[in-house]
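Here is a brief report on the structure shown below. It starts with the whole chain and then turns to selected elements.

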Amino acid sequence: MKRKAPPSKTALAAKKARPEIPDYHLTPSTRDETGEIVWPAPKDQVDTARDFILECAKSNKRTLIVPDKDADGLTSGAIVYCTLRALGLPEDLISVHHVQRANSIFSDSERAAMASKNPSFIIVLDQGSRPSPPLMPQPHQTLVIDHHYAPTSASFPLEAVFCTANASPPVATSSLLTYILCTALHPSLRDRCAALCVIGTHGDLGNSIKWEAPFPDMTATFKQYTRKALNDAVALVNAPRRTAAYNVHAAWDALLSFSNSGSLTELLQNKDLHAARSTVSAEVERCTHSAPKFSADGRIAVLRIASQAQVHGVIATRWAGHLKSEKLEVVMVANEGYSQGKVHFSCRAVRGKRGVDIIALLEEYANASDEPRKDGEERGTLRARLGENFAQGHVQASGGIVKAEEFEELMRHMRVGEKVEKNPGEKTSPKKGGKKGGIGERQKNTLTNYFSRSNG
């Protein structure tokens, strides 16, 4: 019997090639009843947000900007700050509130901190979308600018107006949405805030996106600053919020200084930002070698770390780009050391897997479990006990903050790390340099050398 020739190197390379993913800006847009593209948000929301900002600037009243702590949130806040100043609101009437480490704007302590500044207007940027009471008890007006998952128009604080890019693909980042909202309000803002928009957008979508329609043309911005300089700024601005010290104000101050001077040099040479980036790189390197364990259905890989730094998202992104299996959809990194008694976790869709909805998958696991107390006392469903901070964010980049006990129950229900018996007819094939085995064994062999690289 004649043997078949072994596959050529070219054929093997083609087999291993990553699936081609369409450019982000080419994601099909939705259209309204007139056939017009709905982007970056529904027109009524865009008009409402612009009217709010104009009213705020003309009011001559105290205004509080509440940006998220990452590059996208901070640049969104900086764009709003520049806009209010350009429209004539005095500097001493504008203040900023940075949410404390391991907290959210919906907590009682943050509400009290915001109320202490006695603002008449509050502009919340990139903080996520969730139903809640008004942000503070005294009279005020609130605008929410966001792009996170928001299933209904009730997914925002009571009495707030909002503008969200969530349902208008290709989904704009908060900084891109804010840039488009604000540049229509004053002629100086298009050039002054373009680099802020790029830094924030690259912070969320990565630096390989193409600035083509419907995205604005940023050719002049890349000529003025270079793509490398802007991407270096992303890494530096993102670093403080990931450290245990959580010096987010250093990143905010650096962005405001840049928006005033127009020179990136000072930001790129900022010692505080560089120190934070070095700290984060070392912590990522320390934690990133944790071995993944897999859910019984093979759809989620879970890595567990213990760090006071917010590195779980970085590590999840890194592993999601390199773990591969037919069933695997999501990488979860669970950080048990970020805050006492809680688990902070980040989930990322595996590269090349289309149509993955992490939020729906997490909800599926949580709603399917109903584990009673050992003493027989009822305590409600697991989903109810996981709380409002479970499965937040985006459909392909989600996460949450939950109590350690409930997280362990979720892991038991998912049967993470359990050895699953193969069906008698299921085949396994040996891999070069390794043994026959399950998903975890095969993938560990392919990742041995990758994580020796330091965090960028």
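## Overall make-up

A residue is called buried when its relative accessible area is under 20%, exposed when over 50%, and partly exposed in between (1.4 Å probe, protein chains only). By that rule, buried residues make up 49% of the 456 residues in the protein. The model is predicted: local features need pLDDT of at least 70, side-chain atom pairs count only at pLDDT 80 or more, and totals for chains, interfaces and linings use all residues. Residues are numbered from 1 along each chain as its sequence is written, and side-chain values use heavy atoms, with hydrogens and water left out.

The protein holds 17 helices and 11 strands. These are DSSP runs numbered from the N terminus: helices are H or I with at least four residues, strands E with at least two. Contact means heavy atoms within 4.5 Å. Of the contacts between residues at least 6 apart in sequence, 68% join residues at least 24 apart.

## An enclosed helix

Helix H5 covers residues 174-183. 10 of its 10 residues are buried, so H5 is largely enclosed by the rest of the structure. Among them are Leu176, Leu177, Tyr179, Ile180 and Cys182. The buried set also includes Ser174, Ser175 and Thr178.

## Two crossing helices

Helix H7 (residues 194-205) and helix H9 (residues 227-238) have axes that come within 9 Å and cross at roughly 65 degrees. Axes are lines fitted to C-alpha atoms, for helices over the stretch in contact; angles run from 0 to 180 degrees between N-to-C directions.

On the H7 side, Ala195, Val198, Ile199, His202 and Gly203 make the contact. They meet Arg227, Leu230, Asn231, Ala233, Val234 and Asn238 of H9. The residues of this contact divide into six nonpolar, four polar and one charged.

## A covered strand and its partner

In strand S8 (residues 330-335), six of six residues are buried. Both faces are covered. Val330, Met332 and Ala334 lie on one side, and Val331, Val333 and Asn335 on the other. In a regular strand the side chains alternate between the two faces of the sheet.

Strand S7 (residues 300-305) pairs with S8 in the parallel sense over six bridges. Strands pair if DSSP finds at least two bridges between them. Arg304 has Ala334 in S8 as its bridge partner.

Glu326 sits in the loop between helix H13 (312-320) and S8. Buried or exposed? Glu326 counts as exposed, at 78% relative accessibility. Its C-alpha atom is separated by 8.7 Å from that of Gly298, 28 residues apart along the chain.

How values were computed. Ala, Val, Leu, Ile, Met, Phe, Trp, Tyr, Cys and Pro count as nonpolar, Asp, Glu, Lys and Arg as charged, and the others, Gly among them, as polar.
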